Every structure is written in structure tokens, then in C-alpha cells.
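Morning, everyone. I have one structure to go through today, and I will take it piece by piece. Please have the sequence and the picture open.

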Amino acid sequence: MDKQGVKLGLGTFVGMTMALCATVRSIPSVAAAGWAQITYMVFAVVFFALPVALISGELGTMLQADGGPQLWVKTALGEKWGFVTAWLLWVQMFPGMVMVASTIGPLWGNAFGNVALGNNHWFIFANILGFYWIITILNLKFDMAKVGGNIGVWLGVYIPIMIMLIMGVAALIKTGINPVGYLGTFSMSKLLPSLSNLSTLKYFAAISFVYTGIEISSVFIPRLHDAKKTYTRGIFIALIGLVLMNILNAMLVANTVSNGKMQLSNITQPIVLWCQILGWPSIIANIFSFMVVIGVLIQLSAWVTGPSKTMTQVVRSGELPASFGYHKVNKYGVSRNVVLTQSICISLFALLYGVMKDVNGVFLTLTNATTVIYATVYVLIAIALIKLRQAKPELERPYRLGTHGNGMAYFVAFLLIFGIVVIVAATLLTTDILQAIFVLSIAAILFIIPLYIDSHKNTDWITQVRADLQTMNYVE
């Protein structure tokens with residue numbers, strides 16, 4: 001990584017921003033929308049990704065201490081909502097990590113040439129439980145943050161994307177448009193959801209939340225040449241790059257997989273089909289799967305400890321009872337109690353793969369649950385922008401939305417809130433009623449819990465935490 005004192009150019013910033021959101025896991029979900037993916041992707045950029053990035057640019061440079069969204073919301077709306085934000089960013093990983101880990105089963109199945117086993121819901125369930133707990137134990141016993149580095153991104157994202165592009169283009173050249181694929185022949189009507197393809201709306205959330213994490217790009221602003229101009233220009237270029245990367249790959253996949261046969265958690269499915277079409281050896285799919293599964297495991301490992309450190313800070317601020325033990329960390333700075341709590345919760349969410357045979361249905365349910373929880377955080381961030389413009393106009397804003405007045409800031413904030421409302425509503429309205437109820441119930445419960453905890457907060461919590469830290473040798 002560049003030294004802190006080195007200024008970043010436009011090209012470097014674009015690359016770093018794209019790396020925050022680059023993933024192959026969402027490509028099957030994007031592809032399943034057919035031609036409508038183009039419309040959904042454009043909407044997601046205009047009403048979600050771009051507003052998030054611009055709002056984060058202002059808030060991130062105005063409040064540069066550690067904390068990110070939690071700090072922004074806390075400064076604007078008070079400690080209670082700062083705690084809620086931190087809590088939601090933690091609990092969204094419960095369904096989110098199950099969704100990510102659910103790709104391991106199909107990947108192993110393809111790696112060893114047993115596709116049917118890889119798509120068995122019990123095998124997927126066993127892989128989620130087995131590997132997540134192994135990763136959890138390793139993170140408690142060793143400093144796993146030093147293991148893997150960028151290897152996970154290369155194995156799990158960059159190399160797979162290039163392989164998919166090369167094979168997909170080669171297959172398209174050989175076969176042309178597949179009349180029974182998710183695309184079929186083009187017509188303008190296929191770009192918009194209609195009575196004939198209304199079901200594609202259920203993939204809307206998955207497509208929109210391809211850009212989750214783009215708010216982190218704001219941390220690079222102090223290191224940019226001509227920050228205001230470079231950041232805005234860089235965000236636009238990065239978003240165009242991400243759109244092209246996702247749509248090109250998704251179009252190639254949608255053209256290959258027969259309509260109704262998409263396996264949302266199996267990114268190797270198109271690789272297997274392309275090997276058959278091109279007459280290339282099937283070992284390519286085996287190697288691809290093995291490579292991606294290693295990348296996914298390394299990326300999962302990073303998530304085990306990352307959010308846990310935020311919860312440790314929350315307890316040390318007196319927002320949770322000391323009896324939780326979340327403030328106690330080992331020599332690697334990892335809280336055993338936080339990590340075990342999240343692993344138990346993730347295991348409970350993984351049970352969905354045990355009780356439901358519809359693998360695609362479970363994958364979409366988990367995606368939607370993660371989306372609704374994360375969407376709540378983004379709404380709080382938009383409100384924080386509006387509130388800080390009103391309550392703290394004197395604060396220095398190195399990157400500011402609009403040259404004068406608050407009009408531009410309010411417009412961007414309302415753009416984001418509108419986009420999130422449309423995305424969530426469209427997704428839930430086209431989802432099976434039981435799944436929609438489950439998603440809303442989970443989101444509501446996880447939202448109410450921190451409010452309940454906050455209503456019972458007392459000074460004994462912070463007093464006990466400080467006493468523990470003073471009398472016992474916990475590593476900071």
C-alpha cells in the first residue's frame with residue numbers, strides 16, 4: 001500500500017474504489033434478471049451507489065476519527081442512534097456471512113466433479129457450519145489478519161472475473177445468442193419489469209447491493225490530488241467500471257444458462273457449461289472452483305474479526321452491559337465473546353439450508369434480509385447528513401456537496417432514501433409472502449434489540465468495564 005504521505009492519482013483511486021465492491025458472488029443474481037439487469041443496474045447507480053459515495057465523501061472528511069458510519073450518525077443524532085448503527089453493521093453479517101459461505105458447498109462440489117452433491121441443501125449447510133467454525137477457532141488462536149493479505153481478493157475476484165470474461169466471450173462467438181437463455185432475442189420491453197417478467201424484481205436488491213461498501217472510498221479523500229474534483233470524477237469512473245464489469249459477465253452468463261436453471265449460489269455453473277460448449281477440459285472448472293473457495297475462505301476470515309472490534313469499542317463506551325464480556329480481548333485484539341456470539345447467530349441462520357430444500361430461495365431470503373438491515377444504516381447516514389447541515393453548519397467540510405447552501409446535500413440525501421424505499425419495496429412485493437414476512441421480522445427484531453438495550457442503559461456498565469480494564473491485563 002502507498003505510504004500515507006503519498007498523494008493518490010485518479011487511476012489509483014478508481015482501482016481502489018472498484019476493489020471495494022468487486023465480487024463474483026452476485027453475478028448469477030444479476031444474470032437471472034435477464035435484460036432487465038441493465039435498467040436495475042442504472043437505477044442502483046443513480047439512486048443508491050452514487051448518493052452513498054457522495055454523502056460519505058462529505059461526512060468522512062468532516063469527521064475523520066475512527067468509526068465511519070457509527071461516528072457520523074452518533075455526531076448527528078446522538079449516542080443511541082450511533083449505537084444502533086454500529087449494532088446493525090454487526091448483525092447484518094449474520095445472514096450476510098451465511099449467504100457468502102453458502103457458495104462453498106457448490107464450489108467444493110464442482111472442485112471434485114460432483115455437482116449434484118454441491119447443490120444438496122444439507123451439504124451446503126454442513127459446509128457453512130464446518131468451515132465457519134473452523135475459521136472462527138483459527139481467528140481466536142492465531143493472528144489470521146496477517147494470513148492471506150490480498151491473496152483472497154485475487155483468488156476470489158480478479159482472476160475469476162478474467163476467466164469468466166474470456167470463456168464467456170469465446171462461447172458467445174461460437175454459439176451466438178441462446179434462444180432459451182435468460183436473455184433470448186432483445187426487445188425494448190425486456191428492459192423494464194412487466195407482467196411477463198415481473199419476477200425479475202426479486203433480484204433488484206441483490207443487483208443494487210453490489211455496491212455495498214463503496215462508502216469506505218471516502219477514507220482516501222485526504223490522500224487525493226485536488227481532492228474535491230478527483231473524488232467526484234473518480235467515483236463516476238469507478239461506478240461505470242463496476243457496471244460494465246458486472247453487466248458484461250452477467251450478460252455472458254445469462255446467455256449461456258437456460259431460462260429457469262440459474263443456480264444463484266453456484267458461480268461455477270457457467271464455467272462448467274462453457275467447458276462443454278468450447279470442448280475445453282473440465283479440469284478448468286475444478287481448478288476455478290478450488291481457487292474461488294480458497295478466496296472465499298480467506299475473505300470470510302477477515303469478516304470474523306473486523307466487525308467484532310467495533311462491538312468491543314461499543315462496550316467500552318458503555319453502550320452494552322459489561323456482563324457480555326465483549327470488552328475483553330485476547331493478545332490479537334479479538335474478543336472471544338463477540339466472535340462466539342456472531343458464530344452462534346450465523347449457525348442459526350444457516351439452519352435455513354437445513355429446513356428448506358430450495359437453495360435459490362434460501363439464498364434470496366438471506367440476500368434480502370442483509371439488504372433490509374444494511375438499507376436501514378444507509379437511511380440513517382442520509383438523515384445524519386441533513387441533520388449535520390442544520391445543527392453544525394460551522395464544521396469544516398473539506399469535501400462539500402454543493403458550493404453554497406444546502407440544496408445539493410438535501411437532494412442527494414433524498415435521492416438515496418427514495419432509491420432505498422423503491423429497492424426494498426420492489427424486492428419484498430415480488431418475494432414469496434412467507435419469505436417477505438421472515439425478512440421483515442428478522443430486520444425488525446434486530447432493529448428493536450439495540451433500542452431496547454439502550455432504554456435500559458445505566459452508568460454501572462461503563463463503570464464495570466473501566467474497572468475490568470484497569471484491574472485485569474486485557475490487550476488493548
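This is a predicted model: local features need pLDDT of at least 70, side-chain atom pairs count only at pLDDT 80 or more; totals for chains, interfaces and linings use all residues.

**A walk through the model**

Now the overall picture. The chain has 20 helices and zero strands. Its radius of gyration is 22 Å, close to the 23 Å that the globule rule gives for 476 residues, so the chain is as compact as a globular protein of that length. Along the principal axes, the C-alpha atoms fill a box of roughly 65 × 50 × 50 Å.

How confident is the predictor, and what is the average pLDDT of the chain? The average is 87, and 95% of the residues score at least 70. Looking at the elements, helix α1 (residues 10-21) has the lowest mean pLDDT, at 82. Helix α13 (residues 269-278) has the highest, at 95.

Of the 476 residues, 55% count as buried. The accessible surface comes to about 20,300 Å², and carbon and sulfur atoms account for 68% of that surface. As for contacts, take those between residues at least 6 apart in sequence: 81% of them join residues at least 24 apart.

In soluble globular proteins, nonpolar side chains tend to be buried together. Here, the largest nonpolar core has 159 residues, and the members that touch the most other members are F48, I55, Y211 and Y353. Which helix gives the most to this core? That is α17, with 19 residues.

Take I55 as an example. Leaving out residues up to four places away in sequence, I55 touches I381, A382, L385, L401, V412, A413 and L416.

Helix α6, residues 93-101, is worth a stop. Nine of its nine residues are buried, so α6 is largely enclosed by the rest of the structure.

F94 forms one aromatic cluster with F83, W87, W90, F324 and Y326.

Ring pairs are counted when the ring centres lie within 6.5 Å. By this rule the count comes to 22 aromatic pairs. One of them joins Y231 and Y399, with 5.0 Å from centre to centre and 75° between the planes, which makes the pair edge-to-face.

Are they buried or exposed? Buried means under 20% relative accessible area. Y374 has 10% relative accessibility, so Y374 counts as buried. Y378 has a relative accessible area of 1%, so Y378 is buried too.

T17 is in helix α1. Its relative accessibility is 0%, so T17 counts as buried. What does T17 touch, setting aside residues up to four places away in sequence? The list is I214, S217, I235 and A238.

The other threonine is T136, in helix α9 (residues 121-141). T136 also has 0% relative accessibility and therefore counts as buried. Apart from neighbours within four places in sequence, T136 is in contact with V304, V339 and S343. L201, by contrast, is 65 residues from T136 in sequence and 35 Å from T136 in space, C-alpha to C-alpha.

That is what I have. Questions are welcome.

Methods
Residues are numbered from 1 along each chain as its sequence is written. Side-chain values use heavy atoms; hydrogens and water are left out. Rings of Phe, Tyr and Trp (its six-membered ring) pair if their centres lie within 6.5 Å; planes under 30 degrees apart count as stacked, over 60 as edge-to-face and the rest as tilted. Buried means under 20% relative accessible area, exposed over 50%, partly exposed in between (1.4 Å probe, protein chains only). pLDDT is the predictor's confidence in each residue, from 0 to 100. Helices (H or I, at least four residues) and strands (E, at least two) are DSSP runs, numbered from the N terminus. The radius of gyration is taken over C-alpha atoms; the globule rule is 2.2 Å times the number of residues to the power 0.38. Contact means heavy atoms within 4.5 Å. Accessible areas come from the Shrake-Rupley method with a 1.4 Å probe; for residues, only the protein chains shown count as cover. A nonpolar core is a set of buried Ala, Val, Leu, Ile, Met, Phe, Trp, Tyr and Cys residues joined through side-chain atoms within 4.5 Å.
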